[in-house]
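Subject: Structure for your review

Dear colleague,

Please find the structure for your review below. My findings follow it, and I would be grateful if you would read them with the structure open.

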Amino acid sequence: MQRRQFVHTLGAGSVLGAAGLVSGCATPGGSGGPHVVVVGGGYGGATAAKYVRLWSDQGIRVTLVEPSATFISCPISNLVLGGSKTMADITTPYDNLVKRHGVNLVRDRVTRIDPDKRTVRLAGGAELAWDRLILSPGVDFLWDTLPGMLKPGAQDQVLHSWKAGAQTVALRQQLEAMPDGGVYALSIPLAPYRCPPGPYERACQVASYFSKAKPKSKVLILDANDDVTSKGPLFKKAWAERYKDIIEYRPKHKVVDVDAAAHTLKFEFNDDVKASVLNVIPDMRAGDIAVRTGLATANQRWCEVDFLTHESKAAKNIHVLGDAIQVAPGMPKSGHMANQHGKTCAAAVVALLTGKQPNALPIYNNTCYSFVSEEDVVHVASVHRYDAAQKTMLPVPGSGGVSSAANELEGRYALAWARNIWADTLA
Amino acid sequence: MRRHKMLVAGALAGWCGWASAQAVDPLQLRSWAAACAACHGTAGVAQSGMESLAGANKDEMFKKLMDFKTGRKPATLMHQLSKGYSDEQLQALAGYFSALKK
């Protein structure tokens, strides 16, 4: 039987041609050891790709499928909205994964996963075979919960900017174009959503910009939750002390529709709100490809996994990472956590493909910094340990915590954190 | 990486006392240490602004981690993270990082 041919090209910008990826049939993997396909080059997927190569001593072939030309970080992207950082500051190329670690980088999008045949189909038409699949698809939005957002043009006018990139730039432009005295309204969905403290940090960053550039303007936070979902006392202190005349926080405001043309938000129980700039963070769920593959077994939204291996509970040999998973108790959906998932999964995948037992006691951490101004930062940190009886990750009692107050030292650590996690994930 | 594994195995074997009683699987230890790499760099070699852990003195690092854990040494967040590990786990991590190349 003819083995699948796999074009293994090294070097920057390695591209697999659509032809010749899969010729003949059957045996996944091809020559040269087992083959792992990683879908999604964010914090989870890029980390997993790198560490499978490292920990298999380059013995396992890894193909990373990612449509974006570069990695653009969500963490720190609120500072681009605030004006103290640029897109270049939060952008990292994928070159080092290719050059240093021999990852095959395929700039394409996965359109279909076949768990039985163990293949993925790419938008460009090619098919890739895998022995194990690592899926790090991030989140996609539940637009059908906001009917007005399905109207033509609505999503170009009312931005989420909850995936760093073009929408980060576009929202910054909207803020710059807004006249002084305008209102920026930010709506926050019910938890769980990507990056719990992110919206509150964003409010601080926009307020910081307004305080300098257009001080008569307002930031209106419309939160579907009963209260601030992360670092609550620290954010409220920052709003009261730094942005008293700019930020207004309204909890229990669940957006049920958006009239983009009229710049108006409609709520479940509250009066309509009209604002100059609307920034709607919609309800979200695991990335579409995971949902379409039937992996989103929790509420049709999130993918349940075995926390020892990150293997899906719905499909053998498919591992799911990052924001797409049904999180364990006390575990946030964060880039840092996805990086930790990536390494836990990489170790397990290497073990499983080389006939070893996966690690029995994962222990890892989350560290999350939020900028309440251009310089001052508050953190939340936690340590998560596998609980064999409950078969999940649990916060270690007595560990973790938050900053005692916003401070400049942690502002420097936050930027050092970014440099380090970008390198750990991508270099 | 192969060399690292050997060094780690050597370091583990070299610990008399608790190491023999509570042998930490070297691959398990490698994963615990990799969790620290998000801030302290892959294989403990950090980017600017954060402390590298690779090649540090084992006893000094263990003491520092224990001082964070007990509150003797002030920190922004290491006092909170170190409390997530047993003393033995911190000792194993100090041994692991000390065996890595600077």
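What percentage of the 102 residues in chain B is made up of buried residues? The share is 46%. Please note that this is a predicted model, and that every value in this message was computed from it.

**Chain B**

Chain B contains 6 helices and 0 strands. Read from the N terminus, its elements follow the order α-α-α-α-α-α.

**The contact between chain B and chain A**

The two chains meet through 31 residues from chain B and 41 residues from chain A. The size of an interface is often given as the accessible area lost when the parts come together. Here, chain B and chain A bury about 2,900 Å² between them, and carbon and sulfur atoms account for 56% of that area. On the chain B side, Ala38(B), Thr76(B) and Gln80(B) supply 19% of the area that chain B buries against chain A, more than any other three residues.

Which kinds of polar interaction were counted between the chains? There are 0 salt bridges between chain B and chain A, whereas 17 residue pairs are in polar contact, with both residues at pLDDT 80 or more.

Three helices of chain B, namely helix 1 (2-14), helix 3 (26-40) and helix 5 (78-82), each supply at least two residues of the side that touches chain A. Helix 3 of chain B gives the most to that side, with 12 residues. By class, the side of chain B that touches chain A has 14 nonpolar, 12 polar and 5 charged residues.

**Two residues at the contact**

Ala35(B) is placed in helix 3 of chain B. Its relative accessibility is 4%, so Ala35(B) counts as buried, the cut-off being under 20%. Leaving aside neighbours within four places in sequence, Ala35(B) is in contact with Gln340(A), Ile363(A), Tyr364(A) and Asn365(A). Ala35(B) and Val45(B) are 10 residues apart in sequence, and their C-alpha atoms are 13 Å apart in space.

In chain A, His336(A) has its place in helix 9 (residues 335-353). Is His336(A) buried or exposed? His336(A) counts as buried because its relative accessibility is 1%. With neighbours within four places in sequence left aside, the residues in contact with His336(A) include Asn365(A), Trp417(A) and Ile421(A) from chain A, together with Ala38(B) and Cys39(B) from chain B.

**Strands of chain A**

Of the 6 residues of strand 11 (residues 183-188) of chain A, 5 are buried, so this strand is largely enclosed by the rest of the structure. Strand 11 of chain A pairs with strand 12 (residues 218-223) of chain A in the parallel sense over 6 bridges. In this pairing, Tyr184(A) stands opposite Val219(A) in strand 12 of chain A.

Chain A also has an open sheet of 3 strands in the order 14-15-16, with antiparallel pairing. Its edge strands are strand 14 (255-259) and strand 16 (273-274) of chain A, each of which pairs on one side only. Strand 14 of chain A and strand 15 (residues 264-267) of chain A pair in the antiparallel sense over 4 bridges. Asp259(A) has Thr264(A), in strand 15 of chain A, as its bridge partner.

Yours sincerely

Terms used. Residues are numbered from 1 along each chain as its sequence is written. Chains are lettered from A and ligands numbered from 1 in the order in which they are written. This is a predicted model: local features need pLDDT of at least 70, side-chain atom pairs count only at pLDDT 80 or more; totals for chains, interfaces and linings use all residues. Side-chain values use heavy atoms; hydrogens and water are left out. Contact means heavy atoms within 4.5 Å. Buried area is the accessible area (1.4 Å probe) that two parts lose on being put together, summed over both. A salt bridge is a side-chain nitrogen of Lys or Arg within 4 Å of a carboxyl oxygen of Asp or Glu. A polar contact is a pair of N or O atoms within 3.5 Å; within protein, one must be able to donate a hydrogen and the other to accept it, and residues adjacent in sequence count only if both atoms are side-chain atoms. Ala, Val, Leu, Ile, Met, Phe, Trp, Tyr, Cys and Pro count as nonpolar, Asp, Glu, Lys and Arg as charged, and the others, Gly among them, as polar. Buried means under 20% relative accessible area, exposed over 50%, partly exposed in between (1.4 Å probe, protein chains only). Two strands pair if DSSP finds at least two bridges between them.
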